2 protein chains.
Amino acid sequence: MKFEVTILGSSSATPIYNRNPTAQALNINERLYLIDCGEGTQQQMLKFDVKASRIDHIFISHLHGDHYLGLVGLLSSLHLNGRVKPLKLFGPPALKEIIDIQFKYSETTLHYELEFYPTDPSGPQIILENHDIIVETIPLDHRIACTGFIFKQKKTLRKLIKEKIEALEIPVSFYSQLKRGLNYVAPDGTVYHNDELTIDSVAPKMYAYCSDTLYNQQYFEQIANANLLYHEATFLHNMLDRALQTHHTTAWQAADVALQTNAQQLLIGHFSARYKTLNELLDEARSVFPNTELAIEGKTFTIGA
Amino acid sequence: MKFEVTILGSSSATPIYNRNPTAQALNINERLYLIDCGEGTQQQMLKFDVKASRIDHIFISHLHGDHYLGLVGLLSSLHLNGRVKPLKLFGPPALKEIIDIQFKYSETTLHYELEFYPTDPSGPQIILENHDIIVETIPLDHRIACTGFIFKQKKTLRKLIKEKIEALEIPVSFYSQLKRGLNYVAPDGTVYHNDELTIDSVAPKMYAYCSDTLYNQQYFEQIANANLLYHEATFLHNMLDRALQTHHTTAWQAADVALQTNAQQLLIGHFSARYKTLNELLDEARSVFPNTELAIEGKTFTIGA
């Protein structure tokens with residue numbers, strides 16, 4: 001099952017040429033989930049061949065412009081391009097008001113249904129569960145209400161060991177129970193333990209997306225053992241004062257979060273426009289947590305690679 | 001006096017790779033005036049080295065997203081970059097509401113004053129007059145309320161013919177009256193007609209910006225004799241039906257507007273995403289009005305060249 005994230009933008013609020021504000025496209029089993037949608041995300045999708053029409057879920061972390069100002073344009077374009085299938089949107093309650101007022105004055109009535117699911121930053125919440133994935137919010141510590149998102153693959157069924165099943169002539173009607181981990185009791189009363197008959201499926205993987213936040217241990221437990229942790233790293237650690245003041249994280253701190261929470265791999269982003277090149281941010285993070293990568297636009301990262 | 005326009009975007013609502021929605025930067029005597037501000041305008045300014053900090057006036061024609069969705073991001077960036085001088089914003093009344101709600105939820109209090117001047121599409125109005133320019137709205141015929149804008153240079157003072165002034169020993173205190181066109185009465189009672197003593201200044205030039213509209217003679221008189229007429233030309237004339245349905249203009253019609261209103265030069269833009277190349281649009285317009293150019297992003301056009 002495909003589980004990968006493509007970076008569409010990773011700059012912070014102040015614009016810088018050729019870097020775009022935050023947006024990521026998550027491909028989970030060939031379905032696209034958009035996380036944040038800064039200004040220009042539509043152009044980035046066209047540039048990197050991410051098909052907007054394939055997005056069925058959008059998650060907005062918070063209402064600072066660099067995380068949502070591309071949304072109304074995207075919703076409008078989907079409408080103009082003839083979308084009819086519903087779209088699920090998750091974000092702070094006021095996001096709906098912001099969208100509605102703009103469609104009101106542009107006299108736009110979407111041809112498709114926009115299903116809105118308000119997030120609540122007061123505590124972690126499961127906001128979506130489907131065949132492939134469970135999505136949970138991460139309450140973060142920013143200047144305004146902000147939630148990150150955890151995407152956890154669903155555990156898939158155990159796999160039958162064909163030779164054993166056939167040797168024991170187990171009827172097909174028992175297969176689904178075996179896949180779910182139950183033991184098999186033969187007609188003669190013999191109990192065959194599930195472990196003998198099946199093998200475990202691949203361990204489910206997890207992507208944790210921590211957008212704008214102060215370094216704060218409150219969310220560490222929730223993101224523990226992520227296969228891929230995206231964490232903002234707006235500043236170098238020599239600008240810790242500025243990070244504290246603006247409720248952001250330094251590259252050093254982001255790497256420390258990865259270390260403390262036992263992440264497999266760290267992806268840093270949300271870079272301040274003051275950094276024309278990003279090597280220093282990467283070096284700083286790698287000095288603490290070697291398996292770190294930069295969230296470079298257009299790059300795709302496999303989760304749990 | 002510099003009077004030129006740089007195209008920052010000229011696509012219509014549906015996005016297309018590497019073309020941006022409508023925005024233009026007008027340089028009038030080294031002051032920048034922004035006309036419309038589609039999504040991504042900030043990036044376009046960085047790309048074409050148009051300094052956002054030099055903009056003191058922004059004009060929004062109407063509330064379709066491809067004409068204003070870059071505005072909140074731009075206003076926010078000016079704030080983050082330390083702007084303190086006031087900014088004048090002209091646009092439909094609801095634009096203020098759209099901005100206010102977004103700054104409310106992002107908890108942004110601008111460091112500079114945003115002076116808002118609502119436009120009224122019910123008739124032409126002078127909305128700005130300063131040392132250099134008079135700006136007037138053009139009520140257009142679109143699906144929602146929409147105004148274009150006319151930028152008319154102020155007539156500058158007449159120039160003194162130095163030799164004659166000196167020969168007649170006209171006192172300096174009379175100069176400003178002469179520059180304003182008054183005659184000179186010498187101490188002996190002789191009347192010297194102003195024409196003998198001064199020459200007329202360069203004729204003031206005019207830029208007419210007609211964004212989204214049906215071809216409609218109602219605005220022809222107002223834009224008559226423009227040195228440069230920007231007119232939307234969303235479709236080729238073989239899509240007239242679609243133009244009528246969506247309240248847009250064809251390239252043929254835009255050229256006919258230029259012809260009927262005696263424009264010196266025509267600039268066409270707001271191209272539909274269906275046109276991957278723009279030659280056909282240009283050829284069609286030039287077949288009616290030869291002095292036509294495409295509003296290509298990054299190009300600068302001198303008004304009255």
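## Reading a two-chain model

Guide: The area buried between chain A and chain B is about 2,900 Å², with carbon and sulfur atoms giving 58% of that area. Please keep in mind that this is a predicted model, where local features need pLDDT of at least 70, side-chain atom pairs count only at pLDDT 80 or more, and totals for chains, interfaces and linings use all residues. Residues are numbered from 1 along each chain as its sequence is written, chains are lettered from A and ligands numbered from 1 in the order in which they are written, and side-chain values use heavy atoms, leaving out hydrogens and water.

Visitor: How should I read a buried area?

Guide: The size of an interface is often given as the accessible area lost when the parts come together. Here that loss is calculated with a 1.4 Å probe and summed over both parts. A:Tyr17, A:Glu39 and A:Tyr105 supply 20% of what chain A buries against chain B, more than any other three residues.

Visitor: How many residues of each chain are in contact, and how many salt bridges does the rule find across the interface?

Guide: Contact means heavy atoms within 4.5 Å. By that rule, 35 residues of chain A are in contact with 35 residues of chain B.

Visitor: What rotation superposes chain A on chain B?

Guide: Two copies of a chain are related by a rotation about an axis and a shift along it. In this model the rotation is 180 degrees and the shift along the axis 0.0 Å, with RMSD 0.0 Å. The two copies are therefore related as by a two-fold rotation axis. The same surface serves both copies, as 100% of the contact residues of chain A recur in chain B. The superposition is by least squares on C-alpha atoms of residues with pLDDT of at least 70 in both copies.

Visitor: Which residue does UniProt list for "active site", and is that residue buried or exposed?

Guide: The unreviewed UniProt entry lists A:Asp66; such annotations may be inferred rather than shown by experiment. Buried means under 20% relative accessible area, exposed over 50%, and partly exposed in between (1.4 Å probe, protein chains only). A:Asp66 counts as buried because its relative accessibility is 8%. Leaving aside neighbours within four places in sequence, A:Asp66 is in contact with residues including A:Ser11, A:Asp212 and A:His270.

Methods
Buried area = accessible area lost by both parts, 1.4 Å probe.
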